[in-house]
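Trainee: I've got the model open. Walk me through it, please.

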Protein chains: 2
Amino acid sequence: MKLKRLLIGRPMKSHELAEEKLSKLKALAVLSSDALSSVAYGTEQILLVLVTVGAAALWYSLPISIAVLGLLTILILSYRQTIYAYPMGGGAYIVAKDNLGVPFGLVAGGSLLVDYILTVAVSSSAGTDAITSAFPSLHGHRVFISLFMIIVITLLNLRGITESASILMYPVYLFVLAVFLLIIGGAVQYMAGNIHATPPAIGTVVSGMSLFLLLKAFSSGCSALTGVEAVSNAIPNFMAPAEKNAAKTLVIMGGILGAMFIGISLLAYGFGIAPKPNETVVSQIASATFGRGIIYYFIQAVTALILFLAANTAFAAFPLLAFMLASDRFMPNMFMVRGDRLGFSNGIIVLGVLSGLLIIASKGETESLIPLYAVGVFIPFTLSQAGMMKRWIVKKPSGWIVPFLINTVGMLTTLTITLIFLITKFSQVWMIFLFLPAVIFIFKKINQHYHALADELRLDIDHEKPSKKGSVIVIPVGGITQVVRNTISYAQSLSDNIIAVYVGFDDESLHRMEKRWDEWNPGVRLIVLRSHYRSIVKPLTKFIDTVEWKTAETDHVTIMIPYFVTRHWWQNLLHNQTSLFLRAYLFAKENVKIAMVPYYLKK
Amino acid sequence: MKLKRLLIGRPMKSHELAEEKLSKLKALAVLSSDALSSVAYGTEQILLVLVTVGAAALWYSLPISIAVLGLLTILILSYRQTIYAYPMGGGAYIVAKDNLGVPFGLVAGGSLLVDYILTVAVSSSAGTDAITSAFPSLHGHRVFISLFMIIVITLLNLRGITESASILMYPVYLFVLAVFLLIIGGAVQYMAGNIHATPPAIGTVVSGMSLFLLLKAFSSGCSALTGVEAVSNAIPNFMAPAEKNAAKTLVIMGGILGAMFIGISLLAYGFGIAPKPNETVVSQIASATFGRGIIYYFIQAVTALILFLAANTAFAAFPLLAFMLASDRFMPNMFMVRGDRLGFSNGIIVLGVLSGLLIIASKGETESLIPLYAVGVFIPFTLSQAGMMKRWIVKKPSGWIVPFLINTVGMLTTLTITLIFLITKFSQVWMIFLFLPAVIFIFKKINQHYHALADELRLDIDHEKPSKKGSVIVIPVGGITQVVRNTISYAQSLSDNIIAVYVGFDDESLHRMEKRWDEWNPGVRLIVLRSHYRSIVKPLTKFIDTVEWKTAETDHVTIMIPYFVTRHWWQNLLHNQTSLFLRAYLFAKENVKIAMVPYYLKK
């Protein structure tokens, strides 16, 4: 308990929730690390596909990057519209459910949930790769490092979002600073003529280049766009006016992301860089620009850090989405409970545990999951845009044509990209066809259970009053002691119909007990039972069955089990805990109530 | 449960206990393996000490062996007297307690208990050594093999003693057969003049020989006598007439043991054998007699087996001793409970677990524990003889002088050996001075607890009747559902004084609940509480404290917690288990009774 306080902090009152809201600056830090970190590998993903047909094809990266930038613009514009349309948080789940119906909402919500788990696993192992590249001796501890990072991020999030935002602001802004430093430095070097590279001429015709490859390169570049939906999911976390602040944050993030991405793509082209197996494109640009000095290591370190923090975006988004799904009764109630620090602790913990398990299961090698993760983002993108289209058509507010067109273009583009992913990388993304139906099946089952439960527990307050019944109390006794006296006294305060039962192993003990009971005469009749198997449970359950069979119609049957509570836990080792055994055996009886009646020892 | 049946067998009725009794032949198998197995190393222990001053000193083994044989005779005679004096089982604990008082009894009982644990650990790792000597590739799995053997023996004993006796008879008698085969074969070879050895002449004076060394060699040889007390502890396990059968079994065992021991010692001398680090003395005699053929391997295999089975003696004796100590309230009650198969299951399991832990802690290397184990036997030997002496003096039956003298000689001899052990092997046995006081301290503490408890629970049946009190029932409710209706109906069958309590997080929910409750009008008043911390436990406990403070003098306070039971366990994941949390929080309240009132879901 003290450890919990130390790690997580004091509990907070509900009305402190308002103070937990995010300013634009903090929101950018919490919600953009996933999106911004993608520039660390976006350009490289494009070049990796192009280089398969030869270095001359690398010039295609420029038009592809511009196409990705165009897509980014469309996404930002259409999500901006979503924010204003759904100021309470317009994730793909809400938008799709509201406009296209529950099944589409569940598809969007399900793929996002799976996706957030993948985000955490992929980002934390990518960050670990960056660390182990710098310190190869740590390579054997990759799983351990990834898990450690996930635990740290989980604890930060359990402390509450603003506190983690304060910590997370620095690396995010340092990363932005580092990338712009790199782009400006690189541009200066290039213009000063210090770079002696011969990039392939733009427009060169390359044999072997196909539309399929171009589309594959484009879709790979789109992995730089994962994470832009985070802002629209998290509007309730913003300070008032939430939607305005969220929209501004989204646009700022889009601007920074676009500038960094196109800057790196241009430099990669201008520097004539081809992807290498053991050095990242960003690292190549940085070492060409600054040499392997302090600035180079600063850039590399901050890049590694931002990859870790990308996981944090999922920690902000997953619990909120789980809350929404739980509110609609597609996920367990527990995701609706706010913890001591007002975060949705259960969502945070579940995300931490599941992504940790994924790390362990994949032994920390999660690279092959990246395409799966990308397609898991573009499915909800598409559904969200389609939902917005439907909304414009149905509502038709004044001037709805332009936003409708924006969403239409967005829908068509993201749909196309989803299809390109499915076609060009089927071998890596087929699992989505297992995951999604499974998750949606579970959602449906949970929903059915809650509805069936609600039906069963519902009460007609006009006609269903508590029914009047009598009562019979059965007390198993092991002798005549203070413990038994205490229980009988308690039972007598509740009912006049009390039966004490004694189980003995031989006739002598039964007679002795009956005689002493008569002498004591506590006002309760005693029934004695003989046991052949040294078990007191069997004759007792048989007796209780008889009582139940005779009286359950008219009476509530209660078994009161007398027991004593020792002052120290170790003293329990000295007693046979018959009372606990009895309770465990009798617990399964539906029509019988069990009451444990404790007697507290003084010594 | 099915696994338990398979491993242990069907439960047995109490009256089947008589059929579980041992015949002499079976008793010898169960109770003598510890004693008989000692001949596998007894002679060797003597030679190991003598050889430190030179091969010429080895002749001393003959007089020493004869002295050990004399001691064995004394022990057998005096234990035979004990059997007739204590037909209900006259272990050292009983004899010392009865005649010398409880503290001496506890010293004897405590050292025997510790000793039985050592027996199991030492024997099973000695048996493992024999196996791994034959199959060196298994050497890395010594701890695993030892633990496996302990588990097998534990399960055999949980099945019941006669069944394990049936299984154990063969190896014990095969071992006896093998040793006599060896002795006779060796004697024939020796007389036929086939052995060309030059043993040191009897009477040779050896420089460096000291009384200290002689005593050390003698005490080492006495390790061959461990285990002879087993019969006198286990008299209640014998068929009627128990004491006669036990006495006969003891004498037979003594005869076999003595013959085997002196035979091996004579052959060792006649064959001129000196101890070798990697071959046992028995193995040397066997290979000199029969060569390394099938008979040699038979002897070795049976020797290994008997060492394992020595552990079984402790499994017969430990639970009985624990039962006696528990009957006298020096050990926990659980050692008095007979299991499904009529054995004292708890004693068997505790012995298995503790010796297993000892194996793990010592990594299977228990050789250094052998002297500790020997001294742990001779302390109760001494106390038992002293107790018998006292008994003769006090009772003075006709012809008491001779038995008194036998016990006196026995007491003096075993006391001397104990002292020799303490002096010559202090570095290996000092732990007994830690163990014994600790065990006795625990005995005393347990005894105090039981007496204090009995005082506290004792009831004056003439004057202490159950006190009459009123009753108040508090029901925490979360809404108006069938679950709540069920609980209220139950409460109304027990008391007229019922309070329902609702905890809400905002005023609106409180008002709504109050309104609906009035509409429902179940005949129970409702109290609403407002919570600031999203915790329903805190306001509730505060309220209950108030109720308790106001009414505990006159009323029994009951908290009835409504809850529902789902049809399938996994459905519990979908609910917040508030009822279980409440129960856990309220459990510590001394003056409040908690009743869980289940509502069983149909779907």
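Mentor: Start here: α3(A) passes α4(A) in a right-handed crossing, that is, the near helix is turned clockwise from the far one by less than a right angle. This is a predicted model, with pLDDT of at least 70 needed for local features and 80 or more for side-chain atom pairs, while totals for chains, interfaces and linings use all residues. Residues count from 1 along each chain as written, chains are lettered from A, and side-chain values use heavy atoms, without hydrogens or water.

Trainee: What makes α3(A) and α4(A) oblique to each other?

Mentor: Helix α3 (residues 42–50) of chain A packs against helix α4 (residues 61–85) of chain A at about 140°, their axes 10 Å apart. Angles under 35 degrees are roughly parallel, over 145 roughly antiparallel, 65 to 115 roughly perpendicular, and the rest oblique. So oblique is the word for this pair.

Trainee: Which residues of α3(A) and α4(A) meet?

Mentor: On α3(A), A:I46, A:L47 and A:L50; on α4(A), A:S61, A:I64 and A:S65, with contact meaning heavy atoms within 4.5 Å. That contact splits into 4 nonpolar, 2 polar and no charged residues.

Trainee: Why is helix α19 of chain A called largely enclosed?

Mentor: Because 10 of the 11 residues in α19 (residues 482–492) of chain A are buried, meaning under 20% relative accessible area with a 1.4 Å probe, protein chains only. Among them are A:V483, A:I488 and A:Y490.

Definitions and conventions: Axes fitted to C-alpha atoms, helices over the stretch in contact; angles between N-to-C directions. Helix = DSSP H or I, 4+ residues; strand = E, 2+ residues; numbered from the N terminus. Nonpolar A, V, L, I, M, F, W, Y, C, P; charged D, E, K, R; others polar. Buried < 20%, exposed > 50% of the residue type's maximum accessible area, 1.4 Å probe, protein only.
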